[in-house]
Structure formats: C-alpha cells, structure tokens
Amino acid sequence: LMERYVADLDRSLKVAGLDHPWAIMKSNGGVMLSAAAAAFPVQTIMSGPAGGMIAAEHVSRQCGTSDLLTLDMGGTSADVGILVGGQQRHTTEYEIEWGLPAAVPIIDIQSIGAGGGSIARFDSAGALRVGPESAGAEPGPICYGRGERPTVTDAHLVLGRLPSQGLLDGGFPLDEVRARLYMERARGQLASVEEFAAGILAVGAPAGEKALPGILVVVRRDPPGF
C-alpha cells in the first residue's frame with residue numbers, strides 16, 4: 001500500500017513539474033526520503049500526529065509556555081500529547097489496534113478511537129456506542145453529503161456547535177437537513193434527534209478525558225501544575 005501511495009504521489013508531483021527528491025515525516029518527528037518510507041512504512045505509523053506535536057512545540061514557543069497538553073482530533077481518532085519543559089517525550093513502545101506491538105521510535109502520543117467521523121450505533125443490548133468504527137473520508141459524515149450513518153460531526157452540527165453556513169468560511173457546505181433526516185431514522189427509542197446527538201457527544205467525550213490523565217501519570221505531573 002505504501003509503495004503504491006509513494007509511486008502515485010511521485011508521478012503526480014512530476015506531472016506538476018516538481019521533479020525533485022521529497023520526504024515524508026516519520027513518527028519520531030524527523031523525515032525520511034520517499035523511497036525509504038515505501039520500504040519501511042512502519043516508521044510513518046504515527047507521522048500525522050507527530051506533525052501535530054511539532055506544530056504544538058512551535059505554538060508553545062510563540063505563547064511563551066513550556067508545559068503543554070495537546071489534543072489533535074481527526075476523523076478516526078483523537079491524539080493526546082504533552083510537552084514538558086518545552087521538550088517532546090519519545091518512546092519505542094506503541095500498540096496498533098488489536099494490541100499489535102510496533103517497536104519503532106515515536107513521539108509519545110496516546111491515541112483514542114473517538115474522532116469526528118466516529119460512527120454512533122446501538123449495540124445488541126440497546127446501549128449507545130460511539131466508535132471505534134469511522135466513516136472515514138469516504139463516505140464521511142452524513143452532513144458531508146455522502147454518508148448515511150450518524151457521526152460525532154453530525155451530532156455537533158445538529159446541536160449548533162458547527163456553523164450552519166459550513167466550514168472554511170462557507171467554502172465547505174454542511175447539510176444539516178440531511179443529517180437530521182438520517183439521524184431521525186437511527187435514533188432508536190430516544191425522544192428526538194437532539195437527544196440522540198447529545199447522547200453521541202456524551203458517550204464519545206469520556207474517551208478523551210480518560211486519555212489525558214493517563215499521559216500525565218506517565219510523566220508524574222498534576223493537571224493543576226500546568
């Protein structure tokens with residue numbers, strides 16, 4: 001998969017006139033040439049969140065603070081990190097989903113299965129669950145125009161926590177009517193779409209709250225000290 005991705009991107013760059021060696025970020029915050037990334041893709045396993053941590057380090061310097069907690073929320077997961085004394089923490093212990101260990105150098109980041117695209121559903125006992133399954137980029141949340149299963153993003157929109165005119169200053173429209181239609185069909189025994197949406201956020205939020213104390217315990221820090 002990574003070989004195909006790198007090859008496709010390399011061809012696209014050359015077509016665009018960018019015929020020059022290029023690099024991909026590694027999970028430890030460094031970079032590697034694209035050919036090396038294709039050969040050793042495990043080195044990029046947390047490269048996206050690592051990029052977020054590098055950005056957080058830059059912001060911390062701009063703000064004049066050295067201790068920082070970060071929350072990087074994407075479509076499938078939310079990633080929690082920490083800066084102590086302005087420094088990143090690194091580790092070689094990481095588990096991919098289902099407990100598969102990966103012994104590679106990474107910036108120390110805790111990942112939880114609760115992102116904007118996390119799908120809400122009722123289990124066999126009738127309990128509301130959120131994630132870890134995600135709508136991903138395709139089809140995405142209902143309000144993006146293609147998905148049909150309720151997500152955290154749809155819940156935020158229905159409750160007025162996202163702008164009705166859309167994202168990117170209106171450049172990316174959000175379809176609240178469509179979100180309400182499909183959420184009405186999926187709300188089960190709950191009294192309204194709003195109650196369903198509030199339940200989705202109530203179930204999804206605690207996952208992030210649990211990850212924050214976990215990473216603080218590792219560095220022996222108290223939240224009030226930040």
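**Aromatic pairs, a charge over a ring, and cysteines**

Colleague: Is F122 buried, exposed or partly exposed?
Modeller: Buried means under 20% relative accessible area, exposed means over 50%, and partly exposed lies in between (1.4 Å probe, protein chains only). F122 has 31% relative accessibility, so the residue counts as partly exposed.

Colleague: What kind of model is this?
Modeller: Residues are numbered from 1 along each chain as its sequence is written, and side-chain values use heavy atoms, with hydrogens and water left out. Local features need pLDDT of at least 70, side-chain atom pairs count only at pLDDT 80 or more, and totals for chains, interfaces and linings use all residues, since the model is predicted.

Colleague: How many aromatic pairs are there?
Modeller: Rings of Phe, Tyr and Trp (its six-membered ring) pair if their centres lie within 6.5 Å; planes under 30 degrees apart are stacked, over 60 edge-to-face, the rest tilted. That rule gives a count of two.

Colleague: Is the pair of F122 and F196 stacked or edge-to-face?
Modeller: The ring centres of F122 and F196 are 5.8 Å apart. Their planes meet at 20 degrees, so the pair is stacked.

Colleague: How many residues apart in sequence are the parts that F122 and F196 tie together?
Modeller: Helices (H or I, at least four residues) and strands (E, at least two) are DSSP runs, numbered from the N terminus. F122 lies in strand β11 (residues 118-122). F196 lies in helix α6 (residues 193-218), so the separation is 74 residues.

Colleague: Is F196 buried or exposed?
Modeller: F122 is partly exposed. F196 has 1% relative accessibility, so this residue counts as buried.

Colleague: Which geometry do Y144 and F172 adopt?
Modeller: Their rings are 4.9 Å apart, centre to centre. The planes are 75 degrees apart, and the pair is edge-to-face.

Colleague: How many residues separate Y144 and F172?
Modeller: Y144 is in the loop between β12 (128-134) and α4 (152-158). F172 is in the loop between α4 and α5 (176-186). The pair links distant parts of the chain, and the residues are apart by 28.

Colleague: Which residue's charged end sits over the ring of Y182?
Modeller: A charge sits over a ring if NZ of Lys or CZ of Arg is within 6 Å of the ring centre and within 35 degrees of the ring normal. Here the distance to the centre is 4.8 Å, and the residue is R185.

Colleague: How many disulfides does the structure hold?
Modeller: A disulfide is a pair of cysteine sulfur atoms within 2.5 Å. C63 is exposed at 59%, and C143 is buried at 1%. The disulfide count is zero.
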